[in-house]
Amino acid sequence: MPVLTEIEDLRRLYRRRVPKMFYDYCESGSWTEQTFRDNTNDFQKIRLRQRVAVDMDNRSTATTMIGEGVTMPVALAPVGLTGMQHADGEILAARAAEAYGVPFTLSTMSICSIEDVAEHTSRPFWFQLYVMRDIDYLAGIIGRAKRAGCSALVLTLDLQILGQRHRDLKNGLSAPPRLTPGTMLDLATKWGWGAKMLRTRRRQFGNIVGHVNGVSDTRDLMRWTAERFDPQLDWEKVRKIKEMWGGKLILKGILDAEDAKIAAEIGCDAIVVSNHGGRQLDGALSSIRVLPSIVAAVGHRTEVFLDSGIRSGQDVLKALSLGARGVFIGRAYIYGLGAMGQPGVTAALEILRKELDTTMALCGRRSIRSLDRDILLVPEGFSGRWEAPPDPAPAD
Ligand SMILES: Cc1cc2nc3c(=O)[nH]c(=O)nc-3n(C[C@H](O)[C@H](O)[C@H](O)COP(=O)(O)O)c2cc1C
Ligand SMILES: O=C(O)C(=O)c1ccccc1
């Protein structure tokens, strides 16, 4: 067993243990994957300011997100098909988050159902909603989330249609799967994954069972999405859903200050600055690059969270120092889950917390609320205005 000291270690182990089809589904971005790469690369461009001889005793990473106490401001992002990364994946991730004291978000596209996750956890989790054409379905699932005691609705706005990810098509995740000798061989080497999958009964899409007949695997995912997701979603509908829900609301997938202002106007408890982990509009700016402009526009009216590209506690610190009240992590915890189940998610959280805590200390800060831009060296292009990234240098 390798020593696991960083998120990258978890990714490597995850890659060895989970079928390629699902690894690729997680690890890809849309089209050229430019935005997917920018998300992580842009964090690297921000440097930290070392301070010395500052009392660093009694540090804490604890704070709140939408009024809920958290041991660090890092929530688990909604991730579709988590139950395919590891048997019972959503339940295991929710339990790890609960034990660690951070929020868990259950995706509409989960394998385990809302009720099932609620039954296996004792603290409220957040429920992520994709807006479907069918209003009765929406009312139904919002009601289920309420009855299960979910403490916030995370409404995702950046996926009315699915961005194309080449690898999913090539791997047969979206077309009828071609069980090539290569796929069979791959599955044969991932026997631990398969054995656990065979033992669980949770192999349907948990939140859509009974609504769509016969969707019990991922084959028809893309077609299913096109048929069900609402292409007519607009701000008026967002208002309606807010009313139907009536509780705390987080609007996810905002990447532009103008949209952020409308979101704040409608009244939400938080927004998530996100490009969906580089899986939707390829060519969009990285989240960290647009964060300052959005904080400047709405930070005084609503909490601003960020996701896309967080792979270390240093990344968390950078986002918080640029004004985010918290972050979501997607892949960073999926790597841990696929690698080792629940302890893997805990390991991912612990790696991030340690990195965040140590970095805070070395920057001369002791609390989350004390983090600000003063401890960062931020290059041009993150200045808060909408700016296109600089043109790459000519090849010769
Ligand atoms: C495999 C995968 C599935 C996802 N499924 C959903 C989903 O069902 N709903 C949603 O709102 N976001 C979904 N997302 C986006 C995440 O919530 C989050 O925005 C993204 O993963 C953040 O980027 P990161 O992976 O670099 O941390 C998904 C992301 C991944 C990687
Ligand atoms: O893959 C995704 O990013 C995602 O959000 C999704 C959308 C539709 C079905 C499954 C997952």
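Reader: How do you know that helix α13 and helix α14 come within 9 Å, and at what angle do they cross?

Author: The model is predicted, and these values are computed from it. Lines are fitted to C-alpha atoms over the stretch in contact. The axes of α13 (residues 257-266) and α14 (residues 287-298) come within 9 Å and cross at roughly 35 degrees.

Reader: Which residues of α13 and α14 meet?

Author: Residues are in contact if their C-beta atoms lie within 7 Å. A257, A260, K261 and A264 of α13 meet S293, I294, A297 and V298 of α14. By class, this contact has 6 nonpolar residues, 1 polar and 1 charged.

Reader: What makes strand β8 largely enclosed by the rest of the structure?

Author: A residue is buried if 20 or more other C-beta atoms lie within 10 Å of its own. In β8 (residues 249-254), 6 of the 6 residues are buried, so the strand is largely enclosed.

Reader: Why are β7 and β8 said to pair?

Author: Pairing requires at least two bridges. Strand β7 (residues 152-156) and β8 have 4 bridges, in the parallel sense, and T156 stands opposite K252 in β8. Strand β9 (residues 270-273) also pairs with β8 in the parallel sense over 4 bridges; there, V273 is the bridge partner of I254.

Reader: Which residues surround ligand 2?

Author: A residue is counted if its C-beta atom lies within 6 Å of the molecule. G80, M109, L159, L162, L221, T225, H276 and R279 surround ligand 2. Their classes are 4 nonpolar, 3 polar and 1 charged.

Methods. Residues numbered from 1 in each chain as written. Chains lettered and ligands numbered in written order. Predicted model: local features only at pLDDT ≥ 70, side-chain atom pairs only at ≥ 80, totals over all residues. Nonpolar A, V, L, I, M, F, W, Y, C, P; charged D, E, K, R; others polar. Axes fitted to C-alpha atoms, helices over the stretch in contact; angles between N-to-C directions. Helix = DSSP H or I, 4+ residues; strand = E, 2+ residues; numbered from the N terminus. Contact = placed C-beta atoms within 7 Å. Buried ≥ 20, exposed ≤ 12 C-beta atoms within 10 Å, placed from the backbone.
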